Amino acid sequence: MNKFISCDWGTSSFRLRVIELETQNVMAKVVSRQGIAATYEMWKKSSSDRFLFYESVLSSCIPELSSQCGFPLSEVPIVISGMASSAIGMMELDYKMLPVKTDGNDLSIHIVASSARFKHEMIFVSGVKSTADVMRGEETIIAGCEIKNTDEEQLFILPGTHSKHIITRNGMITDSKTYMTGELFDLLATKSILSNSVEKENIFSAVANTWFEKGIKEGFNNNLLNSIFHVRTNRLFNKLQPKENYQYLSGLLIGAELKDLLDNTCRDITLVADEKFSTLYSNALHLLKINKNIYQFNADKALIKGQSIIYKLYSKNIAT
């Protein structure tokens, strides 16, 4: 088959897209904030079988995809990566122990056959683990990153709700660390005492950027538990406006995350992210004078390419 449906089901986001296999062009897409966490909470309030409940979420999006494409999708397979295989997902699958190949060739795959109810074969990509960390979804993104096969360690930073720092060497993912940067930022900005001191601002002004940079430096150099309280005193003492304080808090957490790079021996760092996060992290790395070769790779393209590679490998195995 020359196309598949890509499902990227994260903790806080949901993306379903029809992909042309050879070109990796997106033919149709549905994007929402109905991530795995929100879907799980909805399921708990229902009396449905969990797998069938999640399946119905997928099924409800297929007509919109078909309408955008202009043709039926009833037998098109779905490649599913991310949190769908987690304890709060459609089904819980075991993590595969590191090291694993960076080309996706030895990831754990679980197949659910199509049925009269749901006419799409589902190809679940399970996550990977070390002795101290786990990831689901990022292993698929790494498979699409065109990684150099070298005996030198390379670091890949994937910002997000749970930011990942992934080490590769000799064509293998050898280690990873998770930083709860995005989740902690959301909790502090919306549910803590600091929520009254910040206001969301996605567009940087010159002044806001200055305070983002100040936050980066303070988060990198100081104790985070003390620094985050300065978000409150910034408002109490009328030092910052709420939108500027929002950027300052963002800088604090990113700076604290990047502190570990002081001990990292990798010469190359690749930021795997969208334009927004690539800019934020690239600016932070340069500001902190992290003496590394900095590269960038679009996370969305990497995900689609990784899923395409996995689908081709799966199709080849079935054919033989």
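Predicted model: local features only at pLDDT ≥ 70, side-chain atom pairs only at ≥ 80, totals over all residues.
Which residues does Ser-130 touch, not counting residues up to four places away in sequence? I looked, and the answer is Met-97, Leu-98, Asp-175 and Ser-176; contact here means heavy atoms within 4.5 Å.

Residues are numbered from 1 along each chain as its sequence is written, and side-chain values use heavy atoms, with hydrogens and water left out.

Still on Ser-130: I found this residue in the loop between β9 (128–129) and β10 (134–135); helices (H or I, at least four residues) and strands (E, at least two) are DSSP runs, numbered from the N terminus. Ser-130 counts as buried because its relative accessibility is 13% (buried is under 20% relative accessible area, exposed over 50%, partly exposed in between; 1.4 Å probe, protein chains only).

Next I turned to salt bridges (a side-chain nitrogen of Lys or Arg within 4 Å of a carboxyl oxygen of Asp or Glu). My search of the whole structure gave 10. In one of them, Asp-300 pairs with Arg-17, with the closest N and O atoms 2.7 Å apart. Asp-300 sits in helix α10 (residues 299–319) and Arg-17 in strand β2, 283 residues apart. Asp-300 is partly exposed at 26%, whereas Arg-17 is buried at 3%.

I also checked Glu-55 and Arg-117, whose side chains meet at 2.5 Å, N to O. Glu-55 is buried at 5%, while Arg-117 is exposed at 54%.
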